[in-house]
Amino acid sequence: MSERIGFYICHCGINIAYRVRVEEIAAYASTFPGVVIARDYLFMCSDPGQELIETDIKKHDLTRVVVASCSPRMHEKTFRSACARGGLNPYYAFHMVCVREHGSWVTEDEDEATQKARVLVRAGLKRVSFQESLIPSEFSVNSNTLVVGGGIAGMQAAIDIASSGFKAYLVEKEPTVGGHMLQYDKAFPTLDCTACIGTPKMVAVGQDKNVELKSYCEVEDVAGFVGNFSVTVNNKARYIKTNCTGCGDCSKVCPVDFPNEWDVNTQMRKAIYLSFPQAVPVRYVIDKKSPAPCRTSCPAGTNVQGYVQMVKIGNYQQALNIIMERLPLPGVLGRVCPHPCEIDCRRGLVDSPVSIRDLKRFAADNANLADVPLAEVKEIDKKIAVIGSGPAGLTVAYYLRRKGFAVSIFESMEQPGGMLRTGIPDYRLPPAILDQEIDYILSTGVELKTGVALGRDFTLASLKDDGFEAIFLGIGAHVPVKMNIENEDVDGVLDAVLFLRKENLERAGSAKKRVVVIGGGNVAMDAARVAVRSGANFVSVVYRRSLKEMPADHEEIEGAREEGIEFINLAGPKKIVMDGDRLVGIECIKNELGPADDSGRRRPVPVEGSEFLIECDMIIPAIGQRVETAPVLKDTPFDLTAWGTFIVDPDTMETSEPGVFAAGDAVTGPATVVEAIAGGHKVVTAIGRYLNREMALFEEERKQPKIAPLKNEFMPIPEDAQLMARAKSAFVDPSERKFSFDEVDLGLCEESAQREAQKCINCSGCCECKLCVDQCKAGAIDHDMKDERQVIDVGSIIIATGFDPLDPTPMLQYGYGKYANVFTNLEFERLSNATGPTLGKLLKRDLKDPMVFTDPPKSVAILHCIGSRDINFHEYCSRTCCMYALKYAHLLKDKCGHDTLVYNFYIDMRCFGKGYEEFYKKVQSEGVRMIRGKVGLITEDESGMLTVLAEDTLSNKMVEIEVEMAILCTAMEPRSNAGDVMRKFGIGIGSDGFFQEEHPKLAPVSTPSSGVFLAGACQGPKDIPDTVAQAKGAAAECLALSAKGEVEVPPMISFIDPDVCVGCQVCIGLCPYTAIEFDQFNLVSEVNYAVCKGCGSCAGHCPSGAAKVRHFTDRQVFAEIDGLLLN
Amino acid sequence: MSEFEPKIVGFFCNWCTFTAADLAGTSRLSYPSNIKIIRMMCSGMVDPKYVLKAFLNGADGVLIGGCWPGDCHYINGNLKARRRVAMLTEILKEYGIDEQRFWLRWIAASEGTMLRDVANEMTDKLKQLGPSPFNLSSNRKDLTAMGGL
């Protein structure tokens, strides 16, 4: 049957006809093969226009219809329906040609526009004959609605949906619903209190059984299509369970303060907080960020921020309790820890890192170990042997004991402590401190046997025979490493380890008069400084690299220097010089630095012929230690590294011998105390699991995918942070301390410790001191809560994500952030609000402290259009500022007295809404000065008085007015994350950055994504009445979908011709919706029509041409191209 | 002889560039009528055959308009278009079609002005380049002008 085509071109009033000669086009179309009727008509989209099509179809037996008019995005649906009413399948019969948006409106010349229309019409007439019948699929609609954003728009939409009996999920990313409206004080023009009209809505969404309120939640992913969305939301960990009563006892004890976002930083809140008293839900929330760098950089994972905060508030016992969670030797580490935490401390970005180690020592010195609470545990009848009582051994013993195991320590020396006792000199670590802390560990029920050596008094086998089920080897590294030079073994050469042990334990005074120490580590410094104290007249340290590369702590090097010790850098020992059997000196060779070695330090290279002699009578090499493994190996053949340390599993610390674990220097080689403790903690976990037969847990953990590296989302560094000098503890004068083993570092005094602790910027938010946990009577606090993902099925979505207020800081001419009494509108709203920082009083800011408010202003300037109607920021008008500026003027007159001078600097007054103009008149009658002109500059004098400079464009004069306060009426901006939201929901953003509605007049709440609607200021600046109206409109759209219960999905989706498909399966990989499956039986790919969205990724690529998108087939597109390019 | 008027076929994504063309219309931004638009649902739907067909039928230039990377209505169709265009450009070169005749541009729905600018720019460029070697009608005219045929 040959086609019978009807062609219609629309005048669109004159919109098309003023450029395109429509009669000429109709006449041209009538000559086209198959066209039986060609008409032009004034308004094709009008009822008579549509009827024209319907009657022509019947009268002329039309099979195809082409309409040339506006964009198909506008009226394609209209004409398709007309064709359907005429009895034709609309997809088969109808094609629309755009001659308005793409023709008359963009072409200036009439001939050109007519010619362009002719070509476009030709292409449409060519195409239409190849179109095929399509039938849209119908899907049922899930009647639930998701509302994103809990401001007034979201709350209203949710309430409307709920009141019709359908379910609404209301997702709000903040801990409370309410949004900007609830931050305001009064609402113009009626001046009703926003809390009075807003809180009932908040309560309603909190209580309505048809509203599921999901506060502190964010939408992560949206899948599916209209009627059948599947939305993944992330319930952010709130750390407070639902049984919170909102009593607020927790925040009274919280030591951590931050500016309250709800009050736009005009007052402080705690880390555990409720945004404002009427918050819904009335459930506190704990603000936790990424773990603080001090905590993550501590090998033992100590909660540094926690104890620093406890020192700040003077709760030294809780500080000690927090330290004891991870460090069994607080006083020891407070003295000798190399404090890697201080390197990462972010306070260093302001002035200098917090003196964390000194604060730890302060806490340890000022609290009582006996008062550290121990959880009651059941005694476990399993015996564990800990060999060695150094830091690793003590850690393992103490924490396993805290779990309830029976622990025995075996120590080869007469006194416990290992290297802490024998290696660290008393002037750094007084033995009394060590004794006190070891005694405490023992007091928890740990058994200690001293003077018993492995391999001499007992063996691993004998321990097992005695019923020990797990053994820990913490035997340290006590054997000196040799220098391998001539005469090394003569009398007068004594290794540092042995020298220090002798001096520490016996106080032998064994140093000779002229001592040379070889090495540059902490052991070398200790040996040199001990030598000074035990009889040496002059001590030199010989180190092979330069001072910069020296591994010893800076403070140790400084301490040594102060005590008169000489440093000879870039020199290495060559041989020990003897006179007979008397040591007389050491021959050294000078070095220069070559290229860097594996450790990243530059390698020392000896300079030929540069040998020199240092006269001395004692040489103390301090170049390293190794593990004494001989007694252990006698018994059991352990696997060792090339360095002679134990090979252990990195997670379980288990040696090659099952049930025997090792950590500390015996595994790492000589290292720090805190690293030994870190290893000890791993062993505690492992032995616990080993004895409970749970070692498989480690395997499972290893199989788990590695968690993506933690995002470093720390609390921002406060901009007003004052520079503070780092607290320094008092040191005993070098001349005094030189001859004494008494402690050199006297620690911090209370005042400087607390001041130092105040420097902490609380990187991770909550410091996890857990004081709140003890305080909460409801037991609602759970610090271990995790984010939870949840999938919600909904049929429709309302986006009501609101706006951001513009930050005026970059507009330097207004001095916001610099001048105390320049406020933003939102700050002013918070001042005026009864729950704000001043409890509703309008007060000036103190010039020194931005959070202190003084007295009411006598004169105020209100600046309109800050960032709105400004080509440098936003071209649009924010629509609300004129009105709230008037409201502010009224409130100032009302609250601060009628003699208060209020100046409004405006460009144009836009009082367009119901009752707005009347309000304007009323405010004017109250004596508010209106000045037409934009403020160009604000300056401040020493007294804090502001001078506002503007042009009065009505009198054509410059005005300079002194005021005590200025308020900037800032623009409403699109949310900073609007781009993310756009992508998640598949909607568009307009040139102003707000979400784009489908049609500015006729589809103001719809979006290009069917089933996704817009409400409120996310679509554009608007006031509360307009927002509520739009929310109700969006709710109506959702309810229409839910009530109808089914939805048609456009049939323009892919299909794969099984006769043509060769089964290459390329399309399967290309499909972004995994809508294509492979039919194993017929060996062809198949489209799942319910999932396909018709993007055409498959059709665009299919090498055999089997995959096509319906309504966009090759024949159809080729015909259109033919039509466009025909000569 | 009147100035050469290039013929440009635009394959525009329905969600961005096509809408931008609508916006250009509603904003009354005028641009040369040389460009004629074919509506596609996604730039990733543009089969290389369509481009070849357009050139074979005498188009002097082809413009594919898609969403900005990351903004594709269908997740990543625009990125597939980008790969396809890279390959197709090489193939077209083999047939003597200069790469400056085949454009891929990201034009978001809100960028009506950008659409106008691209249309202007491309028309100007093609006027400089002259007719495509496959534009037989132009060739014929040229030959006629030279006294041949």
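Predicted model: local features only at pLDDT ≥ 70, side-chain atom pairs only at ≥ 80, totals over all residues.
View 1. A:Arg789 counts as exposed because its relative accessibility, 51%, is over the 50% limit.

**View 2. The salt bridge between A:Glu555 and A:Arg357.** The N to O distance between these side chains is 3.1 Å. Distant parts of the chain are linked here: helix α23 (residues 554-562) of chain A carries A:Glu555, helix α16 (residues 356-365) of chain A carries A:Arg357, and the two residues are 198 residues apart. A:Glu555 is partly exposed at a relative accessible area of 31%, whereas A:Arg357 is buried at 10%.

**View 3. The salt bridge between A:Asp426 and A:Arg507.** The side chains meet at 2.7 Å, N to O. A:Asp426 is in the loop between α18 (419-422) and α19 (431-443) of chain A, and A:Arg507 is in the loop between α21 (496-506) and β22 (514-518) of chain A, so the pair ties together parts that are 81 residues apart in sequence. A:Asp426 is buried, with a relative accessible area of 7%; A:Arg507, with 40%, is partly exposed.

**View 4. A network of salt bridges.** The linked residues are A:Arg428, A:Asp526, A:Arg529, A:Arg533, A:Glu556, A:Glu562, A:Glu563 and A:Arg737. Over all chains, the structure holds 83 salt bridges.

**View 5. The largest nonpolar core, of 158 residues.** The residues with the most contacts inside this core are A:Ile272, A:Val311, A:Leu463, A:Phe472, A:Leu473, A:Phe646 and A:Ile687. Helix α26 (residues 673-691) of chain A contributes nine residues, the most to this core. Another core lies apart from the largest one; its 96 residues include A:Leu52, A:Leu134, A:Cys1071 and B:Cys13.

**View 6. The surroundings of A:Ile687.** Leaving aside residues up to four places away in sequence, A:Ile687 touches A:Ile384, A:Val396, A:Leu400, A:Ala470, A:Phe472 and A:Phe661. A:Ile687 and A:Phe472 are both among the residues with the most contacts inside the largest nonpolar core.

Technical notes:
Residues numbered from 1 in each chain as written. Chains lettered and ligands numbered in written order. Heavy atoms only, no water. Core = buried A, V, L, I, M, F, W, Y, C linked by side-chain atoms within 4.5 Å. Buried < 20%, exposed > 50% of the residue type's maximum accessible area, 1.4 Å probe, protein only. Helix = DSSP H or I, 4+ residues; strand = E, 2+ residues; numbered from the N terminus. Contact = heavy atoms within 4.5 Å. Salt bridge = Lys/Arg side-chain N within 4 Å of Asp/Glu carboxyl O.
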